[in-house]
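Thanks for coming, everyone. I have one model to walk through today. Let me put it on the screen.

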Amino acid sequence: MDMRRWTPSLLALAALAIVPFASSQIEAQTPKRGGILKYVVPGEFPTMDGHRENTFALIHPLAPFYSVLIRVDPDNPNSGTYVCDLCTEMPEPADGGKTYTFKIRKGVKFHDGTGLTAKDVEASFQRIIFPPTGVLSSRVAQFTMVDSVTAPDDETLVFKLKYPSGAFIPALATPYNFIYSKAKLDADQHWYEKNVMGSGPFIFEEWQPGAFVKGKRNPDYYHPGKPYLDGYEAIIAKTQTLRVQAIRGDQAATEFRGIPPKARDDLVAALGKDITVQESDWNCVLILSPNHKAKPFDDPRVRRALSLALDRWQGSKDLSRISIVKAVGGIVFPGHPLAATKEELEQIAGYWPDINKSRAEAKRLLKEAGVPDLKFTLTNRSVDQPYTIVGTWMIDQWKQVGITVEQKVEADGPFYESLKAGKFEVGLEFNCQSVVNPLVDVSKFRPDAGDQYSQIEGKDLVKLHEAMNRTADVAEQRRLMRQYEKLILDEQANNFVTLWWYRIIAHRSYMKGWKITPSHYLNQDLSGVWIDK
Amino acid sequence: MATPMATVTRPAASAAEEAPPRPSWLGALWQFCRQNPLGAVGGIVVIIMIGMAAFADVVTFYDPTRNNFGAMLEPPSTDYWLGTDQFGRDLYSRIVHGARTALLVGFVSAFVGGTVGLILGVASAHFGGRLDLILLGIMDVLMAFPLIILALAMVSIFGTGRFNVIMAITIPFIPRCARVVRSSALAVREMPYIDAARACGFSHARIVMRHMVPNVFAPYLVVTTAAVGQAILLEASLSFLGLGVQEPVPAWGLMLRGGAQDFAESAPWVAVFPGIAISLAVFGFNLFGDALRDWLDPKMKI
Amino acid sequence: MLVYVVKRIALMIPTLFGAAVLVFVLMRAIPGDACMLRMATGGGSIDPHVLEACHAELGTDQPMLVQFLAFMKGLLTLDFGKSQWSGRPIMHEVGLRFQLSLQVAIMATLTAILIAIPLGTISAVRQNTWIDYVVRSFSIAGVALPSFWLGILIILGILITSKALWGSPWMPPITYVPIWVDPVTNLSMLIWPALATGYRYSAVATRMTRSAMLEVLREDYVRTARAKGLFHKLIVRRHALRNALLPVVTVIGIEFAFLMGGLVVTEQVFNLNGLGKLFVESVQNHDYNMTQALVMMVVGIFAITNLAIDILYGWLDPRIRYR
């Protein structure tokens with residue numbers, strides 16, 4: 001069957017084939033069975049419900065318990081191809097690209113012994129796409145093209161779309177789309193917020209809040225031979241230094257989010273061949289969001305000045321030595337065919353090649369707006385890498401055009417509370433996506449997006465974005481993307497992109513069968529991971 | 001620090017052996033140093049810290065917040081006496097300016113907390129009765145919380161940042177001082193001169209301010225000095241946890257957070273010097289406070 | 001004696017009640033609430049109906065008085081209900097951390113005693129000599145060294161030393177195992193934070209031992225003993241130390257109570273899942289039930305320890321009579 005008829009996958013393929021590089025040789029050994037994998041996780045999930053949460057701190061410990069409908073190819077996660085997990089074959093779209101019919105595997109069992117059918121898959125996607133009142137779903141916006149999802153029988157699942165869309169299949173492959181048991185959901189839609197029961201490669205054993213999540217091998221797993229591990233232990237460790245030390249002292253094999261270059265160098269120096277490093281560009285970027293309802297940030301000149309003051313090109317060189325950020329880019333994952341080229345970027349305010357000219361313009365704008373000695377508070381997340389590091393760097397950059405900034409750092413909860421309630425002046429937040437799919441990834445910049453905190457207005461953005469999503473012509477998509485980007489970053493100065501992240505994973509060399517991807521959400525079900533000791 | 005010392009009368013001056021007559025406060029100082037060599041060391045540290053904080057702009061050569069990636073993680077040298085951090089900021093400048101943050105938080109919260117405690121303690125002792133009972137009850141409740149826990153709760157209410165941290169540290173100190181002052185004030189209350197003052201028909205305010213407060217000044221001073229050291233440490237702890245002062249403000253606890261730990265091995269100066277600064281400051285204030293207590297009020301137990 | 005104990009327990013009630021009122025008010029003074037927080041971290045915009053339902057579920061829509069009465073009822077029946085964050089029974093959540101915190105507190109207290117009593121005694125016996133100064137400096141340094149800094153240095157020291165000794169770096173375990181399950185793992189994890197905090201907490205006890213010893217050494221019976229020609233060491237050990245122990249027991253006792261909930265920083269450095277961390281997290285999560293339960297526990301332990309100290313006083317010093 002033809003995997004490549006959806007343009008975005010083709011684009012993703014083109015992009016990703018170049019981007020990631022792994023310093024480890026791709027191992028050709030046959031996997032060994034057994035062993036417990038221990039790894040550290042930098043945070044803890046607020047609830048256990050994948051459908052509602054956005055954090056990797058849920059994916060890393062809990063993804064191995066669940067099956068999904070489709071996923072990125074686990075053997076080749078950077079190829080941009082999608083393969084079946086619970087379905088038997090990737091479907092051919094029918095009805096002019098508006099109907100997708102999936103056949104569901106037979107004989108799959110939930111960990112409680114009940115059988116998994118298309119009805120369970122249907123119930124799960126109903127909950128994700130059309131959440132009942134009182135249920136929070138984080139991914140409603142990704143499925144705006146879906147008209148209905150039905151399961152005519154136990155083996156068939158049908159998605160009907162309102163219009164053909166290249167964003168549909170990547171949205172399905174989002175790793176948060178856990179398949180839940182219909183029986184459990186029928187009894188209580190909130191059951192999965194506090195409980196785990198899936199059909200994935202590992203069976204939930206124990207969660208000790210604040211400490212760890214343990215899983216054991218699912219002997220009835222439907223992918224033959226897998227998983228290889230007897231079990232795993234995801235240890236919650238909130239300080240970065242301690243996580244790196246744990247890897248160094250072999251209390252953990254790795255950490256799956258990403259560590260700064262310095263930590264990598266220390267580990268390699270201390271462990272030599274016992275440590276393996278894999279690196280990749282990262283589909284994550286820090287977004288600077290001024291609150292358009294807070295004076296003087298209602299004035300686009302002031303907002304533009306914020307961006308003009310940042311020397312991104314030099315910042316990239318400097319910060320990539322101490323932090324997990326690296327590439328300069330616009331709103332699209334750098335290196336992707338839809339991303340702006342360097343020449344195109346240099347036309348946008350804040351990306352000008354001459355920083356002195358840029359800073360002079362920033363000062364001029366501030367003066368013109370009547371705030372030559374602007375003072376404000378930057379609301380930031382209390383996560384050092386890369387939030388407070390980049391925040392501290394920006395404050396120094398702003399100081400050079402006469403802006404005085406105080407940094408206010410908050411724990412995740414209060415931080416999002418401030419953003420959502422509009423109780424901030426300028427916030428530093430992020431856009432992190434799993435499957436590289438710029439058409440969907442840039443929806444964050446729409447005024448109606450759930451995670452758009454700047455309180456912006458702009459119907460033109462919605463129109464542009466929808467036009468981009470409905471066209472199949474790549475050149476047209478690219479043209480619209482440039483317009484969309486220029487509007488957001490420059491003309492309307494709504495939100496600003498700072499620097500894109502760079503993912504470095506250092507793992508104990510005995511851990512095999514894991515490949516880095518541009519997202520710390522992807523390919524984390526551990527079914528192919530094994531230990532070679 | 002020298003001024004309040006002079007206002008306090010020493011109990012039982014035992015040292016007549018000092019030969020050359022000096023101005024009285026110099027003599028007292030000499031006495032203090034001789035009897036408490038450790039206290040003298042503490043006093044010197046305290047004076048150095050205050051000097052650093054007061055003249056931070058004069059004695060440093062770099063802007064403590066200015067990034068300079070060209071000089072990132074430089075080891076100590078003649079250009080950068082204590083090296084630079086991961087942003088290329090001069091550690092010496094940051095530590096000296098950090099003294100300002102530390103002492104500001106330390107002194108303000110200790111003295112404000114101490115003074116409110118002084119007023120409450122004296123008032124509680126003077127008026128007695130129900131007021132005393134209620135105040136004592138509240139103080140007991142507050143004292144049952146570990147210091148850091150109370151400070152953390154306060155930070156949650158007020159938020160982070162320099163001013164809020166001062167508030168968060170001040171409040172837990174109030175009961176600690178009030179308790180000590182109250183017990184001294186209870187003894188003072190029974191003194192004949194207070195009775196005399198009362199008999200003269202002096203107002204409550206006059207009795208409290210003119211007669212009681214000066215006589216409980218010794219324990220007040222001792223508790224407060226000890227509190228400065230504690231407050232510095234508490235601020236450092238809060239900042240280390242990310243709940244206190246925030247980047248890029250130079251503050252010692254903050255300097256030990258994140259980067260400093262990551263670089264502790266390959267660039268040890270980043271982690272060593274701020275730690276030494278905190279330890280030295282707290283050490284100094286504690287030694288000084290201990291000596292002050294021995295000297296002013298050897299029987300006092302805090 | 002019994003009458004005294006009963007009286008003391010009765011006197012604990014107002015303190016506990018005051019603490020209950022205080023924590024109840026303080027928690028609600030923190031801006032935000034658990035429901036907003038849950039909605040905030042998840043995706044999508046906040047639906048007011050969902051928020052309302054969440055408040056109803058957690059009981060935070062009830063009038064303050066009703067909430068307070070429920071808290072009081074929980075306090076009396078020792079059933080604090082469920083965590084408003086994790087949704088699990090509070091006793092279960094606290095139980096998990098209690099073992100760890102208790103063990104660290106006991107180990108740290110033992111360390112503190114082992115450091116404080118010999119050092120304090122030496123310091124007193126050799127008052128105003130260089131030994132005295134060294135001991136006092138050492139003990140004050142314990143208070144002055146920030147515990148997080150000490151922790152970082154300890155872990156780094158272990159990693160570097162172990163690599164130098166055995167060729168591969170070793171690190172203390174980072175997940176807790178109860179001592180009866182695996183004593184080796186348990187002790188190799190907890191010994192480091194216990195040493196660090198024990199040293200820290202020995203400072204006050206050392207000072208107290210020193211000053212109490214100084215006082216006792218001036219007492220008549222010690223002088224008599226000395227006049228009888230008893231050996232100096234014997235006097236110190238048998239006569240003086242025993243009587244000097246009283247105030248030392250007090251400070252150690254009070255510190256033990258604080259160790260149970262106050263090791264916030266140390267727990268962070270060593271990745272200990274203890275009560276201090278639970279407290280910080282539950283405050284951040286606006287978990288009223290959990291914070292209230294924790295505070296009442298810490299205050300309760302504090303009050304009970306105080307009582308135990310007073311009873312111990314009578315046992316150590318028969319001169320004290322309780323009425």
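Exposed means over 50% relative accessible area, buried means under 20%, and partly exposed is in between, with a 1.4 Å probe and protein chains only. Helices here are DSSP runs of H or I with at least four residues, strands are runs of E with at least two, and both are numbered from the N terminus.

Before going on, the ground rules. This is a predicted model, where local features need pLDDT of at least 70, side-chain atom pairs count only at pLDDT 80 or more, and totals for chains, interfaces and linings use all residues. Residues are numbered from 1 along each chain as its sequence is written, chains are lettered from A and ligands numbered from 1 in the order in which they are written, and side-chain values use heavy atoms, with hydrogens and water left out.

Back to H4(C). Which residues of H4(C) are buried? They are C:Gln67, C:Phe68, C:Phe71, C:Met72 and C:Gly74. These residues sit on the same side of H4(C), because they cover an arc of only 160° around the axis. That arc is taken from the directions from the helix axis to the C-beta atoms.

Now the length. H4 of chain C runs over residues 64-77, 14 residues in total. At 1.5 Å a residue it should span 20 Å, and its end C-alpha atoms are 20 Å apart, so the two agree. The expected span is 1.5 Å times one less than the number of residues. Just after H4(C), C:Leu78 has a positive phi of about 55°.

Next, the interfaces. The size of an interface is often given as the accessible area lost when the parts come together. Buried area here is that loss for two parts, with a 1.4 Å probe, summed over both.

Take chain B and chain C. Here 41 residues of chain C are in contact with 42 residues of chain B. Contact means heavy atoms within 4.5 Å. The two chains bury about 3,600 Å² between them, and 77% of it is on carbon and sulfur atoms. Which residues of chain C lose the most area to chain B? C:Ile140, C:Phe148 and C:Trp149 do, together giving 16% of what that side buries. The rule finds 1 salt bridge across this interface. A salt bridge is a side-chain nitrogen of Lys or Arg within 4 Å of a carboxyl oxygen of Asp or Glu. C:Arg207 and B:Asp290 form a salt bridge at 2.6 Å, N to O.

Now chain A and chain C. The contact takes 39 residues from chain A and 44 residues from chain C. The buried area is about 3,500 Å², with carbon and sulfur atoms giving 57%. The count of salt bridges is 2. One of them pairs C:Glu57 with A:Lys194, at 3.5 Å, N to O.

**Chain A: confidence and backbone**

How confident is the predictor here? Chain A averages a pLDDT of 89, and 95% of its residues score at least 70. Over residues 1-27 of chain A, though, the pLDDT is below 50, and this stretch has 60 contacts in the model beyond near neighbours in sequence. pLDDT is the predictor's confidence in each residue, from 0 to 100. Where it is low, the predicted coordinates should not be read in detail.

Two cis peptide bonds deserve a look. One joins A:Lys226 and A:Pro227, with omega about -10°. A:Pro227 lies in the loop between strand E9 (212-217) and strand E10 (231-236) of chain A. Another joins A:Gln385 and A:Pro386, also with omega about -10°. A:Pro386 is placed in helix H13 of chain A, residues 384-399.

Then A:Asp95. Its phi is near 60°, positive in a residue other than glycine. A:Asp95 is exposed, at 52% relative accessible area.

**Chain B**

Last stop. Chain B has 14 helices and 0 strands. Its C-alpha atoms fill a box of roughly 75 × 55 × 25 Å along the principal axes. Of the 302 residues in chain B, 59% are buried.

B:Leu73 has a phi near 50°, positive in a residue other than glycine. Buried or exposed? B:Leu73 counts as buried, at 18% relative accessibility.

B:Ser93, in helix H5 of chain B, is buried at 0%. Leaving aside neighbours within four places in sequence, B:Ser93 is in contact with B:Thr60, B:Phe61, B:Tyr62 and B:Pro64.
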